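I opened a new notebook page for this one. My plan is to look things up one at a time and write down what I find.

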Amino acid sequence: MTDIRFDNQVVIVTGAGGGLGRAYALDIAKRGGCVVVNDLGGTVEGHDASSALADAVVKEITDAGGRAIANYDSVATASGAESIVTAAVTAFGRVDALINNAGNMRMATLEESTQEDFEALLAVHLLGSYHMSKAVWPHMKQQGYGRLVFTASSAGMFGNQGQAFYGAAKAGVFGLMNTLSHEGEPHGILCNVIMPNAFSRMTDKASEYTDPEALKRASAILPLMQNSMQPEFSVGLAGYLASDICTTTHGAYSSCGGRIARVFVGVTEGWQGSREEPASAEEIAQHFDLIRDPKQGVHIPLSPSEEYRTVLSKSTPVCSERQGGGE
Ligand code: NAI
């Protein structure tokens, strides 16, 4: 097994003052990396600010003989992101990897929700990932090397009660990674996204909201997860994707209960209609089970043109073979 090391490498971990980010930062420093421990230090909802969280993690790293600096800027603004990257370059001379981990949490159903809450979550998760990626990009492009690790969530990719804003922001992060992986690959910048599952103040916040029935279900499942809800169980995945050992891009990976797995957007084999005339609603209804059925096969296109190529590789039925068609 090859040792994964970060000697002579500089890694920015956003939101590294607690939870998952702290665990990532400690591990990368232990493996020889210089770490920028960024954290705004406010509440889980994203109010207020403090230097205490980032400072405590930097102390842990330096007490153990590692190298780290603290940064307290917000990822939610372009100027904050620029300052985080400037701090890295000023202290350590370069940036090799960025783990976009910072996040806030507010819970509400659509009916209870406010635009302010929606915008607060978009600003940190989605815009924050955008601002940070944009700020590190020229440095990585110039050196022909970079690793970007984004953070999505099962609440965004699968859906979860009361998490409309959070889910929308996290699904947006997935989309950002999809495109940046195309733009980064020619420059040696690889982009992947992780979907962790860990106890943290954020999951405490989410469970405060959860309705009693869901809470009952969760309390039956969580003991079965044993230790695997500790943030350390997602550290290996984040560290691997942030390292030079990782050579793949455009991937999404879930860390859940000790199981690491690929998550993808798949397209079923579907039903092939004519390419000369549009299918009617009745034809769609007639073939809807087939359209939905993943058991016929699933494709994982990584670009619009890959989807076209998949479709065009199938023969198209001539009109006379069509059934239904609104008769
Ligand atoms: P956490 O609340 O312990 O960590 C998030 C950190 O981000 C906090 O320390 C916070 O101060 C910081 N932060 C918030 N706004 C910031 C800003 N504008 N600029 C800089 N830092 C800011 O929560 P946790 O669970 O460790 O979350 C880490 C990431 O993992 C988040 O992106 C979260 O959405 C994601 N995630 C967590 C899951 C879990 O099960 N814990 C599940 C799926 C995703």
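Which residues of the largest nonpolar core touch the most other members? I looked them up: I12, M132, V136, L148, F150 and V193, out of 33 residues in that core. I noted what such a core is: a set of buried Ala, Val, Leu, Ile, Met, Phe, Trp, Tyr and Cys residues joined through side-chain atoms within 4.5 Å. Buried means under 20% relative accessible area, exposed means over 50%, and partly exposed is in between (1.4 Å probe, protein chains only).

Before going on, I wrote down the ground rules. This is a predicted model, in which local features need pLDDT of at least 70 and side-chain atom pairs count only at pLDDT 80 or more, while totals for chains, interfaces and linings use all residues. Residues are numbered from 1 along each chain as its sequence is written, and side-chain values use heavy atoms, with hydrogens and water left out.

The names follow DSSP runs, numbered from the N terminus: helices are H or I with at least four residues, strands are E with at least two. With six residues, α4 gives the most to this core. Apart from it lies another core, of 30 residues; A23, V57, V149 and A242 are among them.

Then I picked L148 and listed its contacts (heavy atoms within 4.5 Å). Leaving aside neighbours within four places in sequence, L148 is in contact with L98, S133, V136, W137, M140, L180, I189, L190, C191 and N192.

**Entry: helix α1**

How far apart are the end C-alpha atoms of α1? They are 17 Å apart. The helix covers residues 19-30, and at 1.5 Å a residue its twelve residues should span 16 Å, which agrees. The expected span is 1.5 Å times one less than the number of residues.

I checked burial next. L20, G21, A23, Y24, A25, D27, I28 and A29 are buried in α1. Their cover includes β1, β2, α2 (52-63), β4 (97-99), β6 and α9 (235-242). After α1 comes G32, with a positive phi near 95°.

Most residues other than glycine have a negative phi. N8 has a phi near 60° and is found in the segment before β1. Is N8 buried or exposed? N8 is exposed, because its relative accessible area is 70%. Q226 has a phi near 50° and is found in the loop between α8 (212-221) and α9. Q226 also counts as exposed, at 69% relative accessibility.

**Entry: two buried residues**

C246 lies in the loop between α9 and β7 (251-256). C246 counts as buried because its relative accessibility is 0%. Not counting residues up to four places away in sequence, C246 touches R147, L190, N192, Y240 and L241.

S255 lies in strand β7. At 4% relative accessibility, S255 counts as buried. I left aside neighbours within four places in sequence and found S255 in contact with M195, P196, N197, F233, S234, L237 and I260.

I used a 1 Å grid over the protein atoms alone. A cavity is a set of points where a 1.4 Å probe fits but cannot get out; a pocket is an open set with protein on both sides within 12 Å along at least five of seven lines; lining residues have an atom within 4 Å of a point. Grid points are joined across faces, edges and corners, and a volume is the space filled by probe spheres set on the points.

How many cavities of 30 Å³ or more does the whole structure hold? The search finds one. The largest cavity has a volume of about 40 Å³. Its lining is T14, V75, N100, N101, A102, V124, H125, G128, S129 and M132.

The second largest pocket holds about 240 Å³ of space. It is lined by 13 residues, and T268, E269, G270, Q272 and V311 lie nearest its centre. Two elements give two or more residues to this lining: β9 (267-268) and α12 (304-312). The largest share, three residues, comes from α12.
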